[in-house]
Amino acid sequence: MITKAIDFVLNEVHNPALSHPNLDISCKNKIRRSKTLVSKMKKIGDIYIYLSKFSTVPLKGERFVYDELKKHGLKSYEDLYMEFKYKFFNHLDEVTTLSDFTIGQKYNSWDIAIFSKTYDVQSGIYKIPGTPNLKAIFIKATLENGKYRNEWLVKDSLLKYYFYSLNGKFSTNYEVNKAIISSKEKNVPIYVFFKEGLVCTFSGIFECIKYTTEQDNTMWFTLRKVDIYKIDNPVDESEYQRDLTEKVVKSLADRSGRKQRLKIASKKPGIIKVITTNYKRNPDVVAEVLERANGICETCGNNAPFIKKKDGTPYLEVHHVIPLGVGGEDTVENAVALCPNCHREAHFGEKSVNALNQN
C-alpha cells in the first residue's frame, strides 16, 4: 500500500511537473528534491504528515513553487492534500514511531529526517518531535573523517560527542545543545546513530553525563550508553548476543562480585524484544551441499551426530565459509556441511576467526 501512496503523489504532482517543458528550472529542482523525499517514506501516515504542511495555500511572497505550478496548470501539494486524505483514509495512522528503531540495525539519513519532521538530511542533531514536547533526541555521530573528533572514551560505553557549532562558535545557548544538556534531568533519551557514508547504524540509547570546554573553546558532551535491559526499544539479535557475550566476559573476571549478585538476583528472567533478520537462503544450495557431504562433516570427517526423526536423513548444518553478512555468496562453492560442534567452532573458534580475518 505504501508503494501505491508514493506512486499516487509522484504521478499527480512530481512527474507531470518534471516533464513539463516550460516549468522554471529552479522550481523543477525543488520538485525534484521533494520527489526524493516522498520516495524515501516508508509509511502512509508519514506522507500525510508531510502533505499537511501544504493544507492551505501559502501567503504571497512564500509561494514560488505553488504559483509556478498554477501558471502552467499543474497540480500542487495544496491540491493533493485532501484528495490524499480521502484516498488513504484507513492508513493515515500508520506512522513511524520510536519503537520502529531497532538497536543494531541500519538506517539512512532520510529515515531520521522524515521521522523528525525536519526533512533535513544535513543535520547532525534532531529534536523529536520538537519544542515543547520533546520525546527524544537523535544524534548522527561520525567517528572517522568527520568535522570533529567524536570518539569512544570507553568502548561501547562512554562517547565523546562534539557540540553543534555555528561558524566555528560553540555555545550552550544553541537549542539542540541546550536540549542535550537538560535531557537527563527531563528524562529525554538520546538515540545515537553512527554514520558511515550513507548508512546510520543505531548504536543504542545514551544519557548526557556532562559537557567539557577545551582551552581552544571547543565543547563536547560525555554521553553514557544505557544498558539494553533498561530500555523499551527492540534490539537486533546480533547486537543482543554481542552485549550478552561482553557481560559474560566481565562476569567471569569478577568472581566475587558475581557470587554476591547471584544471591540477590531474580529467579524470573525479564523480557527483552529481540529482532532477528535473516537472509533468504537458496534451498537448492542447502540440498546440494548436504548431498555432497553424504552424512559426513566436511571439517572433522566424522559421521553426522544423529539421524533426523522427521525425514531419516543425517543431521548436518550448512555454513557459509565467507558469511553472507560480509558479502559472501549463497553458492555451493561458498558452503560446507558441518556437524554442530564444527559449526559452532566456525563461528566462535579462535582458529576460524583468525582465518576469516585473513581472507
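Modeller: Two strands pair if DSSP finds at least two bridges between them. With that criterion in place, tyrosine 126 stands opposite phenylalanine 138 in strand 3. Please bear in mind that this is a predicted model.

Colleague: How many bridges join strand 2 to strand 3, and do they run parallel or antiparallel?

Modeller: Strand 2 covers residues 125-128, and tyrosine 126 faces phenylalanine 138 of strand 3. The number of bridges between strand 2 and strand 3 is four, and the direction is antiparallel.

Colleague: Which residue of strand 8 is the bridge partner of isoleucine 139?

Modeller: Strand 3 is also joined to strand 8 (residues 190-196), by five bridges, and these two strands run parallel. Within strand 8, the partner of isoleucine 139 is valine 192.

Colleague: Why is strand 3 described as largely enclosed by the rest of the structure?

Modeller: Ala136, Phe138 and Lys140 point one way from strand 3, while Ile137, Ile139 and Ala141 point the other way, and all are buried. Strand 3 (residues 136-141) is therefore largely enclosed by the rest of the structure, the number of buried residues being six of six.

Colleague: How many residues of helix 6 are buried, and which residue follows the helix with a positive phi?

Modeller: Helix 6 (residues 109-116) is mostly covered, with seven of its eight residues buried. Among them are Asp111, Ile112 and Phe115. At the start of helix 6, a side-chain oxygen of asparagine 108 comes to within 2.9 Å of the backbone nitrogen of tryptophan 110. The residue after helix 6, with a positive phi near 65°, is lysine 117.

Colleague: Over which ring does the charged end of lysine 117 sit?

Modeller: Lysine 117 follows helix 6, and one of the buried residues of that helix is Phe115. The charged end of lysine 117 lies 5.8 Å from the centre of the ring over which it sits, that of phenylalanine 115.

Colleague: How many aromatic pairs are there, and what is the geometry of the pair formed by phenylalanine 101 and phenylalanine 193?

Modeller: The count comes to 27 aromatic pairs. The ring centres of phenylalanine 101 and phenylalanine 193 are 5.9 Å apart and their planes are at 80°; because planes over 60 degrees apart count as edge-to-face, this pair is edge-to-face.

Colleague: How many residues apart in sequence are the parts that this pair, phenylalanine 101 and phenylalanine 193, ties together?

Modeller: Both phenylalanine 101 and phenylalanine 193 are buried. They also belong to a cluster linked by ring pairs, whose members include Tyr107, Phe115 and Phe138. Phenylalanine 101 lies in the loop between helix 5 (77-87) and strand 1 (106-108), and phenylalanine 193 in strand 8, so the parts tied together are apart in sequence by 92 residues.

Colleague: What class of accessibility does valine 286 have?

Modeller: Valine 286 is found in helix 10 and touches Arg281 and Val318, not counting residues up to four places away in sequence. The C-alpha atoms of valine 286 and alanine 337, 51 residues apart along the chain, are separated by 8.5 Å. At 25% relative accessibility, valine 286 counts as partly exposed.

Colleague: How far apart in space are asparagine 278 and leucine 324?

Modeller: Asparagine 278 is found in the loop between strand 12 (274-275) and helix 10 (283-293). At 66% relative accessibility, asparagine 278 counts as exposed. Asparagine 278 and leucine 324 are 46 residues apart in sequence, and their C-alpha to C-alpha distance is 9.8 Å.

Colleague: What is the radius of gyration of the protein?

Modeller: The protein has 12 helices and 14 strands. The globule rule gives 21 Å for 359 residues, and the protein is well over that value, so it is more spread out than a compact globule, with a radius of gyration of 26 Å.

Technical notes: Residues are numbered from 1 along each chain as its sequence is written. This is a predicted model: local features need pLDDT of at least 70, side-chain atom pairs count only at pLDDT 80 or more; totals for chains, interfaces and linings use all residues. Side-chain values use heavy atoms; hydrogens and water are left out. Buried means under 20% relative accessible area, exposed over 50%, partly exposed in between (1.4 Å probe, protein chains only). A polar contact is a pair of N or O atoms within 3.5 Å; within protein, one must be able to donate a hydrogen and the other to accept it, and residues adjacent in sequence count only if both atoms are side-chain atoms. Contact means heavy atoms within 4.5 Å. Rings of Phe, Tyr and Trp (its six-membered ring) pair if their centres lie within 6.5 Å; planes under 30 degrees apart count as stacked, over 60 as edge-to-face and the rest as tilted. A charge sits over a ring if NZ of Lys or CZ of Arg is within 6 Å of the ring centre and within 35 degrees of the ring normal. The radius of gyration is taken over C-alpha atoms; the globule rule is 2.2 Å times the number of residues to the power 0.38.
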